[in-house]
Amino acid sequence: LIREAQERYAATWSIARWASQELEPETIYFDDFGLEMPSSWEKAKASAACGQLAYDIIVNATKAVIDQKYSAIVTAPASKESVNLAGIEFTGHTELIADLCDCENFNMMQSADDMRFVFVTNHIALNRGSTELTKDKLCRTIQLLHEACLAEGIEKPKLAAAGLNPHAGEMGYM
């Protein structure tokens, strides 16, 4: 799957298993933490085995950063359905990583050029939005975004609030 993504989105880049601190430009490094893909799996089909693997990789990657083996994690979408099929309550890796880091005040941020996006509520069903969206949660989210912008060197960030981020139920797990 990594090779398929590399061919589609970074055709001139190479792929290498992480082995040392010596980084080559235009190289995608990965570490599978000794975990292997399930022997029988179908692309784009939810399965407990793939969900367990996705969960284990997120946990191992997070622990590797906590242990300072790595400086950061880049994640791809994880199938909430598959992880839940594995018997693990999972609403998303934002919440899982925050839990592993023992972090209570967190948010997911997405970036595009000079834009930064955060969500006041993460990974909840649309019908819970009116009860989960509180003035306190909105203020904490704005504060986190402001601090993140300052940390990135944006001296006078301009912040705005807008929209809903409805989820379609994640195959019944929300």
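Is glutamate 152 buried, partly exposed or exposed? At 42% relative accessibility, glutamate 152 counts as partly exposed, because that label covers whatever falls between buried (under 20% relative accessible area) and exposed (over 50%), with a 1.4 Å probe and protein chains only.

## What you're looking at

This is a predicted model, where local features need pLDDT of at least 70, side-chain atom pairs count only at pLDDT 80 or more, and totals for chains, interfaces and linings use all residues. Residues are numbered from 1 along each chain as its sequence is written, and side-chain values use heavy atoms, with hydrogens and water left out.

The protein chain has six helices and four strands. Follow the sequence along and the pattern reads α-β-β-α-α-α-β-β-α-α.

## The overall build

Along its principal axes, the C-alpha trace spans about 45 × 40 × 30 Å. Of the 174 residues in the protein chain, 24% count as buried. The chain exposes about 12,500 Å², and carbon and sulfur atoms supply 53% of that. Accessible areas here come from the Shrake-Rupley method with a 1.4 Å probe; for residues, only the protein chains shown count as cover.

Now for contacts, meaning heavy atoms within 4.5 Å. Among those with a separation of 6 or more, 45% are between residues 24 or more positions apart.

## Helix α2 and its neighbours

Helix α2 takes in residues 48–66, which is 19 residues. From its first C-alpha to its last it reaches 27 Å, close to the 27 Å expected at 1.5 Å a residue; that expected span is 1.5 Å times one less than the number of residues. Its buried residues are Cys50, Gly51, Leu53, Ile58, Val59, Ala61, Thr62 and Ala64, and they pack against α3 (80–85) and α4 (93–100). Just after α2, glutamine 68 takes a positive phi of about 65°.

Over in helix α3 sits serine 82. With 4% relative accessibility, serine 82 counts as buried. Leaving aside neighbours within four places in sequence, serine 82 is in contact with Ala46, Ser47, Ala48 and Gly51. Its side chain also reaches the backbone nitrogen of serine 47, at 3.0 Å.

## Serine 14 in strand β1

Serine 14 belongs to strand β1, residues 14–17. Its relative accessible area is 37%, so serine 14 is partly exposed. Not counting residues up to four places away in sequence, serine 14 touches Glu26, Thr27 and Ile28.

With threonine 27 there is a side-chain polar contact of 3.3 Å. A polar contact is a pair of N or O atoms within 3.5 Å; within protein, one must be able to donate a hydrogen and the other to accept it, and residues adjacent in sequence count only if both atoms are side-chain atoms. As for proline 25, eleven residues along the chain from serine 14, the two C-alpha atoms are separated by 9.2 Å.

## Salt bridges

Side chains of opposite charge can pair when their charged atoms come close. The structure holds five salt bridges, each defined as a side-chain nitrogen of Lys or Arg within 4 Å of a carboxyl oxygen of Asp or Glu. One of them joins glutamate 152 to arginine 116, with the closest N and O atoms 2.7 Å apart. This pair links distant parts of the chain: glutamate 152 is in the segment after α6, arginine 116 is in strand β4 (residues 115–118), and they are 36 residues apart.

Another pairs aspartate 136 with arginine 140 at 2.3 Å, N to O. Both lie in helix α6, four residues apart, or about one turn of the helix. An α-helix has 3.6 residues a turn, so residues three or four places apart point the same way. Aspartate 136 is partly exposed at 48% relative accessibility, and arginine 140 is partly exposed at 37%. There's also a salt bridge between glutamate 132 and lysine 137, with the closest N and O atoms 3.3 Å apart. Glutamate 132 is partly exposed too, at 24% relative accessibility.

## A nonpolar patch

Leu133, Leu138, Ile142 and Leu159 make a nonpolar surface patch of about 300 Å². Patches are made of residues with over 30% relative accessible area and no salt bridge; like charges are joined within 9 Å, and nonpolar side chains (Val, Leu, Ile, Met, Phe, Trp, Tyr) within 5 Å. Leucine 138 lies in helix α6, residues 135–151, and counts as partly exposed at 30% relative accessibility.

Methods:
Helix = DSSP H or I, 4+ residues; strand = E, 2+ residues; numbered from the N terminus.
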